[in-house]
Amino acid sequence: KSRQEYGLPEHGFVFCAFSHDYKIHPDIFFQWIRLLKENPDSVLWLMSRGEETIANLRQQTELAGVDPARLIFAFRVPSIQDHLARYKVADLFLDTWPYNAHTTCADALLAGLPVITYKGNSFPSRVAASLVTAIGLEKLVTSSHEEYFQMANQLAKDKNLLNQYRAVISAD
């Protein structure tokens with residue numbers, strides 16, 4: 001499918017975070033909003049299972065001075081293949097914190113999508129870092145909110161670097 005078929009803009013950068021919406025901590029959401037502000041042609045593609053969550057995230061986005069229409073929501077699809085196909089039209093997977101992506105990180109990497117993660121001190125906050133490191137992309141593992149933002153922002157602005165990371169994933 002094309003980006004348009006998913007309700008995404010054809011051009012611009014697509015950040016995605018397909019982890020369960022209950023994993024979205026305000027501190028990491030703030031970094032995502034910063035990314036949207038820094039990259040005006042970008043959108044954030046999220047997975048959601050509830051209208052209340054969608055309303056709350058859109059409200060917080062608007063309060064932060066970003067058009068809430070730049071949040072695009074994905075919903076359940078009939079098959080796992082349909083879900084996995086979505087990763088192929090995104091540009092960068094943004095991991096949640098302090099409870100990292102587990103299966104969703106593996107899915108993103110399997111689809112060839114680079115994952116930026118912030119490694120914490122507990123097991124649930126280290127899973128994505130383990131997966132990303134296992135395929136040789138330890139440079140995408142960050143250790144602070146600021147480092148997470150800076151790395152994601154750099155990848156949004158540097159298509160060549162992003163493609164180098166995609167090549168590493170494809171070669172694995």
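This is a predicted model: local features need pLDDT of at least 70, side-chain atom pairs count only at pLDDT 80 or more; totals for chains, interfaces and linings use all residues.
Good morning. Helices α3 and α4 pack with their axes 8 Å apart and at an angle of about 70 degrees. The two helices are therefore roughly perpendicular to each other, since angles from 65 to 115 degrees count as such. The crossing of α3 past α4 is right-handed. On the α3 side, the contact is made by His-83, Leu-84 and Tyr-87, and on the α4 side by Thr-104, Asp-107 and Ala-108.

The volume of the largest pocket is about 260 Å³. Which residues lie nearest its centre? They are Met-47, Arg-49, Arg-76, His-83 and Arg-86, out of a lining of 15 residues. Taken as a whole, the lining comprises five nonpolar, six polar and four charged residues.

Pro-98 is found in the loop between β4, residues 92-94, and α4. In general, most peptide bonds are trans. The bond from Trp-97 to Pro-98, however, is cis, with omega near 10 degrees.

I now move to a second pair of helices, α1 and α6. Helix α1 covers residues 26-38 and helix α6 covers residues 145-157; their axes come within 10 Å and cross at roughly 30 degrees. That angle makes α1 roughly parallel to α6, the limit for this description being under 35 degrees. As α1 passes α6, the crossing is right-handed. From α1, the residues in contact are Asp-27, Ile-28, Gln-31, Trp-32, Arg-34, Leu-35 and Glu-38. They meet His-145, Glu-146, Tyr-148, Phe-149, Gln-150, Ala-152, Asn-153 and Lys-157 of α6. Six of the residues in this contact are nonpolar, four are polar and five are charged.

Helix α6 also packs against helix α7, residues 159-171. Here the axes come within 5 Å and cross at roughly 105 degrees, which makes α6 roughly perpendicular to α7. Gln-154, Leu-155 and Lys-157 of α6 make this contact with Lys-159, Leu-161, Leu-162 and Tyr-165 of α7. The residues involved divide into four nonpolar, one polar and two charged. Lys-157 takes part in the contact of α6 with α7 and also in that of α1 with α6.

Finally, what does Arg-166 touch, leaving aside residues up to four places away in sequence? This arginine is found in helix α7, and it touches Ala-90, Asp-91, Gly-112, Leu-113 and Pro-114. From C-alpha to C-alpha, Arg-166 and Val-115 are 9.9 Å apart in space, while 51 residues separate them in sequence.

To close, I return to the pocket. Thank you.

Conventions
Residues are numbered from 1 along each chain as its sequence is written. Side-chain values use heavy atoms; hydrogens and water are left out. Axes are lines fitted to C-alpha atoms, for helices over the stretch in contact, and angles run from 0 to 180 degrees between N-to-C directions. Helices (H or I, at least four residues) and strands (E, at least two) are DSSP runs, numbered from the N terminus. Angles under 35 degrees count as roughly parallel, over 145 as roughly antiparallel, 65 to 115 as roughly perpendicular and the rest as oblique. A crossing is left-handed if the near helix is turned anticlockwise from the far one by less than a right angle, and right-handed if clockwise. Contact means heavy atoms within 4.5 Å. Ala, Val, Leu, Ile, Met, Phe, Trp, Tyr, Cys and Pro count as nonpolar, Asp, Glu, Lys and Arg as charged, and the others, Gly among them, as polar. On a 1 Å grid over the protein atoms alone, a cavity is a set of points where a 1.4 Å probe fits but cannot get out, and a pocket is an open set with protein on both sides within 12 Å along at least five of seven lines; lining residues have an atom within 4 Å of a point. Grid points are joined across faces, edges and corners, and a volume is the space filled by probe spheres set on the points.
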